[in-house]
Amino acid sequence: MPADFHLRVSSNEHVGASWFLITLAADVDLPSWQPGQFLMLSLGEGQDPLLRRPFSIYNLPEPGGATRSVQVLYKILGRGTALLSELRPPARVPALLPLGLGFAPRRARGDRLVLVAGGVGVASLHPLAAEEIRRGRRPLLLFGCRTSAEVAGAEATRALGVETLVSTDDGSEGAKGYVSDLLDAVLAERGTEGSVLCVCGPTPMMKASAGVATRRGAVCHVSLESPMACGFGVCVGCVVGVRPEGAVEILYRRTCVDGPVMDASEIVW
Amino acid sequence: MSGAPDLSVALGPLRLRNPVLTASGTCGYGEELAPYFDVSKLGGIVTKSLSLLPRQGNAPQRLAETPSGMINSIGLQNVGIEAFLADKLPFLQGCGAAVLVSIFGATLDEFAELAARLDGRPGVSGLELNVSCPNTLRGGVEFGVDPESTRRVTAAVRERTKLPVIVKLSPNVTDLPLIARAALEGGADILSLVNTFFGMKIDVAARRPGLSSGSGGLSGPAIRPMAVHLTYRLARAVRAPIIGIGGIGTATDALEFILAGATAVQVGTATFVDPCASAKTVAGLADYCRAHGVGRISDLVGAAHRGVAPAGGSGG
């Protein structure tokens, strides 16, 4: 059950480029969550900015319960994230969590997850990678970013023991080009059989990756991001167009409660 | 002062245990708020506006944040009256708060038909006519900006229901009291105001409007002073009970409207920011009454008018 928690900033570390990892502590045990679920963070007591901001939850809950800490990996993209980066301990931050539907990949026994991250999209895939590792599975991470300066954003995921292949737009590290091209090359080389894709990143990157999945016949889940006011289903502002199998018309589903993780094959990009 | 303050209010035929309602379009069908607080603490819930048939709403992007506010263009996405009666009403019937169903029609007949379908339904305490939605091509604000259309749509609904009828007014008019009087002539029991103000945001990087539909409706604390002013003005112009709406998120905000002449209030955009904002407003009103020796909150309705000479509404 989601609830509003008055969290305390315990650290807000610079991770490289304009990326930060904020750790928030709770005075009470937090409800458990799934990889891919998100929280709505308030950015202060004032009314400007007014709305909370959605962020993927970066860490996994403690296996035995009694989780008292939640992390968010973020990149400064606008005014809200810039304000977030200025928070220092012991600032208090209200956070509504856990929200949305996380990753529950459709897969057969033995299927391997291929995690495809575009930039800070790695934030929602990291806990999925951690959960896979915890269960003794071997996920593959394809991490695409602009330049080598951002590669540090995937370091914590790689450090879990996740096989990681990197692409950069400028070729300063790993393969040169988009991560969707890297995905295509990897699937061509290793085959699609036994692979389930989980993708998170900018919309054009997810669209391109979903296209690769369709072409190569792979199951693909995407974690979407839309501007949203509430995060719990009442504003109906965060909709995404979908066309489920057999449907003629486009339906609008709410990213916050019907997602953020959705089946890529249904999305009208 | 001894005992709990009396927060109950009467708006014509509609009695509420306290003056705080959740505004249409900000609380879904009520059940979405249930994980966060006991909704029976509310005076009432105003549902998302319902149409006869389900509506898909407008294409995204539907939201843009603005200084101390936001602009939306949802386009009344809703499940339609059939699914509402089958799937959503049962929760509301047992929720313990008054249930006010917001209805929206593209035509007069659609409004009348919706009223007829809801008349006599157990658990429905009243109807709010959305004649003021800025985000639809037909219906909505088309009715609410014209006095004769407002009178006719209200009369058409009045003819088909015994339920208390609230008409939700648009602020996007030159003469709000004129529209309000037309609604009352049509048989409205209560007036609620305001719906959102027309607003627009331009995405400078993309050099186009920030919302797919171009413009939308502005809500949030940014509109509160304008909404308080319209409430104050309307309270001087008509005798009908008023529900104040516009940027209310705390008891202090609610009190501004009550003192300006509103008998009840609706909490809207604030629920997006804090799902418990409406419940906290109820608690805050009780605290205020206790702290200031107010036995009955209804004694405060319109108190800001006392001792103020009648004057022109607009500044200058």
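Two strands pair if DSSP finds at least two bridges between them. Strands themselves are DSSP runs of E, at least two residues long, and helices are runs of H or I, at least four residues long; both are numbered from the N terminus. The model shown here is predicted: local features need pLDDT of at least 70, side-chain atom pairs count only at pLDDT 80 or more, and totals for chains, interfaces and linings use all residues. Residues are numbered from 1 along each chain as its sequence is written, and chains are lettered from A and ligands numbered from 1 in the order in which they are written.

Start with pairing in chain B. Strand 11 and strand 14 (residues 215-219) of chain B pair in the antiparallel sense over four bridges. Within this pair, B:Met200 has B:Ser215 of strand 14 as its bridge partner. Both strands belong to an open sheet of four strands in chain B, ordered 5-6-14-11, with antiparallel pairing. Its edges are strand 5 (63-66) and strand 11 (197-200) of chain B, each of which pairs on one side only. Neighbouring strands of the sheet are turned by 40° against each other on average, direction ignored. Here axes are lines fitted to C-alpha atoms, for helices over the stretch in contact, and angles run from 0 to 180 degrees between N-to-C directions.

Strands of a sheet pair through backbone hydrogen bonds, either parallel or antiparallel. Strand 3 (residues 20-22) of chain B pairs with strand 16 in the parallel sense over three bridges. B:Leu21 has B:Gln266 as its bridge partner there. Strand 15 (residues 242-245) of chain B also pairs with strand 16 in the parallel sense, over three bridges. In that pairing, B:Gly244 stands opposite B:Val265.

Is strand 16 of chain B covered on one face or on both? Both faces are covered: B:Ala264 and B:Gln266 are buried on one side, B:Val265 and B:Val267 on the other. A residue is buried if 20 or more other C-beta atoms lie within 10 Å of its own, exposed if 12 or fewer, and partly exposed in between, with C-beta atoms placed from the backbone.

Now move to helix 5 (residues 176-185) of chain B. Its buried residues are B:Leu176, B:Ile179, B:Ala180, B:Arg181, B:Ala182 and B:Ala183. These residues pack against helix 3 (141-144), helix 4 (147-160), strand 9 (165-168), strand 10 (190-193) and helix 6 (224-237) of chain B. Just after helix 5, B:Gly187 takes a positive phi of about 110°.

Turn to chain A. This chain has six helices and 15 strands. Its radius of gyration is 18 Å, close to the 18 Å that the globule rule gives for 269 residues, so chain A is as compact as a globular protein of that length. The radius is taken over C-alpha atoms, and the rule is 2.2 Å times the number of residues to the power 0.38. Along its principal axes the C-alpha trace of chain A spans about 50 × 45 × 40 Å. Of the 269 residues of chain A, 47% count as buried.

Chain A is divided into domain 1 (3-99) and domain 2 (112-223), with bounds from an automatic or database domain assignment. Their C-alpha centres lie 24 Å apart. The contact between them takes 14 residues from domain 1 and 14 residues from domain 2. Two residues are in contact if their C-beta atoms, placed from the backbone, lie within 7 Å. On the domain 1 side, strand 1 (3-16) and strand 5 (67-75) of chain A each supply at least two residues. The largest share, three residues, comes from strand 5 of chain A.

Two residues of chain A show contrasting burial. A:Ser195 is found in strand 11 (residues 195-200) of chain A. A:Ser195 counts as buried because it has 21 C-beta neighbours inside 10 Å. Leaving out residues up to four places away in sequence, A:Ser195 touches A:Asp111, A:Arg112, A:Val114, A:Leu187 and A:Ala218. A:Asp263 is found in strand 15 (residues 261-263) of chain A. With 16 C-beta neighbours inside 10 Å, A:Asp263 counts as partly exposed.

Finally, the chains meet. Their contact takes 22 residues from chain A and 27 residues from chain B. The chain A side divides into 15 nonpolar, four polar and three charged residues. Ala, Val, Leu, Ile, Met, Phe, Trp, Tyr, Cys and Pro count as nonpolar, Asp, Glu, Lys and Arg as charged, and the others, Gly among them, as polar.
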